[in-house]
Amino acid sequence: DLHSFPTRRSSDLSTLDGELARVSASVTFDTDKAKEVLTKLNAQRKSQGLSSLSMDTGSEAYKLACVRAADMAVYDHSSSSSPMYGSLDAMVAKWNLTASSHASENIWKASSKTASEIHTRFQANSNSQKIRMSSGYTEVGIAIVEKNGQTYIAEIYLK
């Protein structure tokens with residue numbers, strides 16, 4: 001079935017790394033576009049006197065963003081409550097992620113969008129902008145999946 005993840009073994013869900021490996025087999029991440037969004041986000045933050053956010057592909061924020069974007073693409077949804085994982089807080093709890101006392105996300109599903117369009121849309125939404133411009137965050141994970149003419153974007157912010 002092209003619309004489902006590869007077979008799940010119970011061990012896969014026990015770690016974020018295991019789940020990321022499993023879902024990564026089903027989608028392709030547009031890492032160049034994600035880096036462009038980060039560049040635009042950090043330029044906006046700098047213009048407002050805020051520090052830049054780092055994005056490390058080994059971080060929990062990045063791995064969560066990848067799992068969330070893959071989940072949205074495979075199940076074709078853009079709800080903050082995933083049919084597979086539930087809420088972002090449930091995901092953090094499921095994998096006992098310690099780097100985060102507070103996690104926030106911006107997610108979006110749209111017909112194919114450029115990095116500029118993604119950045120502009122998140123900045124135009126007051127709730128998304130509040131998260132993106134928060135001085136409390138130092139790290140972000142941005143993952144973008146293109147599938148069937150749709151763009152699935154997940155930005156995960158950890159404190």
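Reader: To begin with, what does the accessible surface of the chain come to, and what percentage of it belongs to carbon and sulfur atoms?
Author: The model is a predicted one, and in it the accessible surface of the chain comes to about 7500 Å², with 47% of that surface belonging to carbon and sulfur atoms.

Reader: And how many of the residues count as buried, as a percentage?
Author: The chain has 159 residues, and 50% of them count as buried.

Reader: Which elements is the chain built from, and in what order do the elements run?
Author: The chain holds 6 helices and 3 strands, and if you follow the elements from the N terminus on, they run α-α-α-α-β-α-α-β-β.

Reader: What share of the contacts with a separation of 6 or more comes from residues 24 or more positions apart?
Author: Within that set of contacts, residues 24 or more positions apart account for 68%.

Reader: Let's turn to the helices. At what angle do H1 and H3 pack?
Author: Helix H1, which covers residues 16-24, packs against helix H3, which covers residues 60-75, at an angle of about 40°, and their axes are 10 Å apart. That angle makes H1 oblique to H3, and the crossing of the two helices is left-handed.

Reader: Which residues make that contact?
Author: On the H1 side the contact is made by Leu-16, Asp-17, Glu-19, Leu-20 and Val-23, while H3 contributes Glu-60, Lys-63, Leu-64, Cys-66, Val-67 and Ala-70. Sorted by class, the residues of the contact of H1 with H3 are 7 nonpolar, no polar and 4 charged.

Reader: What about H2 and H5, how do their axes cross?
Author: The axes of helix H2 (residues 31-47) and helix H5 (residues 115-124) come within 9 Å and cross at roughly 45°. H2 is therefore oblique to H5, and the crossing of H2 and H5 is right-handed.

Reader: Which residues are involved there, and how do they divide by class?
Author: H2 takes part through Lys-33, Glu-36, Val-37, Lys-40, Leu-41 and Gln-44, and H5 through Ala-115, Ser-116, Ile-118, His-119 and Gln-123. By class, the contact of H2 with H5 has 4 nonpolar, 4 polar and 3 charged residues.

Reader: Let me pick His-119, then: is His-119 buried or exposed?
Author: His-119, which lies in helix H5, is buried, because its relative accessible area is 9% and the limit for buried is under 20%.

Reader: And which residues does His-119 touch?
Author: If you set aside residues up to four places away in sequence, His-119 touches Lys-40, Leu-41, Gln-44 and Arg-132. The C-alpha atoms of His-119 and Arg-132 are separated by 10.0 Å, and these residues are 13 residues apart along the chain.

Reader: Where is Thr-114, and how exposed is Thr-114?
Author: Thr-114 sits in the loop between strand S1 (103-111) and H5, and at 43% relative accessibility Thr-114 counts as partly exposed.

Reader: Switching to the strands, where does Ile-142 lie, and is Ile-142 buried or exposed?
Author: Ile-142 lies in strand S2, and with a relative accessibility of 0% Ile-142 counts as buried. Leaving aside neighbours within four places in sequence, Ile-142 is in contact with Ala-34, Val-37, Leu-38, Met-55, Tyr-62, Ala-65, Ala-154 and Glu-155.

Reader: Last topic: which residues have a positive phi although they are not glycines?
Author: Among them are Asp-76, with a positive phi of about 50°, and Asn-148, also with a positive phi of about 50°.

Reader: Where are those two, and are they buried or exposed?
Author: Asp-76 lies in the loop between H3 and H4 and is partly exposed, with a relative accessible area of 43%. Asn-148 is placed in the loop between strand S2 (139-147) and strand S3 (150-158), and Asn-148 counts as exposed because its relative accessibility is 65%, where exposed means over 50%.

How values were computed:
Residues numbered from 1 in each chain as written. Predicted model: local features only at pLDDT ≥ 70, side-chain atom pairs only at ≥ 80, totals over all residues. Heavy atoms only, no water. Axes fitted to C-alpha atoms, helices over the stretch in contact; angles between N-to-C directions. Helix = DSSP H or I, 4+ residues; strand = E, 2+ residues; numbered from the N terminus. Parallel < 35°, antiparallel > 145°, perpendicular 65-115°, else oblique. Left-handed = near helix turned anticlockwise from the far one by under 90°. Contact = heavy atoms within 4.5 Å. Nonpolar A, V, L, I, M, F, W, Y, C, P; charged D, E, K, R; others polar. Buried < 20%, exposed > 50% of the residue type's maximum accessible area, 1.4 Å probe, protein only. Areas by Shrake-Rupley, 256 points an atom, 1.4 Å probe, with all protein chains shown as cover.
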